[in-house]
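Subject: Structure for you to look at

Hello,

Here is the structure I said I would pass on. Please open it alongside this email, and my notes follow below.

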Amino acid sequence: LKSQKCPVIFNANQACSLFSSLLNALSGSRQYKKSSFLQNCINIQVLPENIDIMENPLEVKTIGSSAFDADGMAKQKQFFVKNGKVISYIMGQYSANQMGLKSTANAGGISNCYINSTIDGSLEDLIKKMHKGLLVTDLMGQGINDTTGDYSRGAQGFWIENGAIQYPVSGITIAGNLKSMFLNISAIANDIDKRGNIKVGSTLITNMTIAGEN
């Protein structure tokens, strides 16, 4: 694929990886160590207004559910992001103490976290909506700077034109900055991958840089 800027779809599996970076940035440990690209972001817009991030730890028969965190504190349903704005950090008792805040019962991490879909459609519908761009199915490397938000990873997937898969692509790098990437999410499909702790569908980002052939 030639080097260019274009829309990019992360399939549901890779979208989980993408949003794990956002949730990590909201962790209390990142905040009190001042090593987050979303430093001091309470009431700050980090996602489009139609996207929420909710933890539902008491959902039965679900991977990631838990009644208590690692500190033994009882968990409850809560929002970390509402209407695109951060309303709470993700904290255990220790990180909460460091910041003079109340624990959110997240020692040991999140439990069954949902990012809502914004369209009533599958990956195929998202591909048609994008019309032309890159569908990412695999990511390689660890090119994520948690402090600055700089993002650069090897990728492979499929090139889309006229709303349909045209051919496979590999040997490319996709790059951007996580702050702008999250704000430039234009749609999230309803093909949620329920096998992990983060539940999110395929995600379309309006514009990213692709490094390929000169």
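C6 counts as buried because its relative accessibility is 5%, where buried means under 20% relative accessible area, exposed means over 50%, and partly exposed is in between (1.4 Å probe, protein chains only). C41 is in no disulfide, and the nearest cysteine sulfur, that of C113, is 14 Å away. A disulfide here is a pair of cysteine sulfur atoms within 2.5 Å. C41 also counts as buried, because its relative accessibility is 2%. A search of the whole structure finds zero disulfides.

Some background before the rest. This is a predicted model, in which local features need pLDDT of at least 70 and side-chain atom pairs count only at pLDDT 80 or more, while totals for chains, interfaces and linings use all residues. Residues are numbered from 1 along each chain as its sequence is written, and side-chain values use heavy atoms, with hydrogens and water left out.

Next, the strands. Helices (H or I, at least four residues) and strands (E, at least two) are DSSP runs, numbered from the N terminus, and two strands pair if DSSP finds at least two bridges between them.

- Strand 6 (residues 133-140) and strand 7 are antiparallel and pair over seven bridges. Here L134 stands opposite W159 in strand 7.
- Strand 7 (residues 150-161) runs antiparallel to strand 8 (residues 164-177), and eleven bridges join them. R153 stands opposite I174 in strand 8, and G154 stands opposite T173 in strand 8. The hairpin of strand 7 and strand 8 has two residues between the strands, and N162 takes a positive phi near 55 degrees there.
- Strand 8 is also joined to strand 11 (residues 203-211), by three bridges in the antiparallel sense. The bridge partner of A175 in strand 11 is T209.

Where is N112? N112 lies in the loop between helix 3 (93-99) and strand 5 (113-115). N112 counts as buried because its relative accessibility is 0%. A polar atom of the N112 side chain lies 2.8 Å from the backbone oxygen of N56. Leaving aside neighbours within four places in sequence, N112 is in contact (heavy atoms within 4.5 Å) with residues including M54, E55, N56, P57, N197 and K199.

Regards

Methods. Polar contact = N/O pair within 3.5 Å; in protein donor to acceptor, adjacent residues only side chain to side chain.
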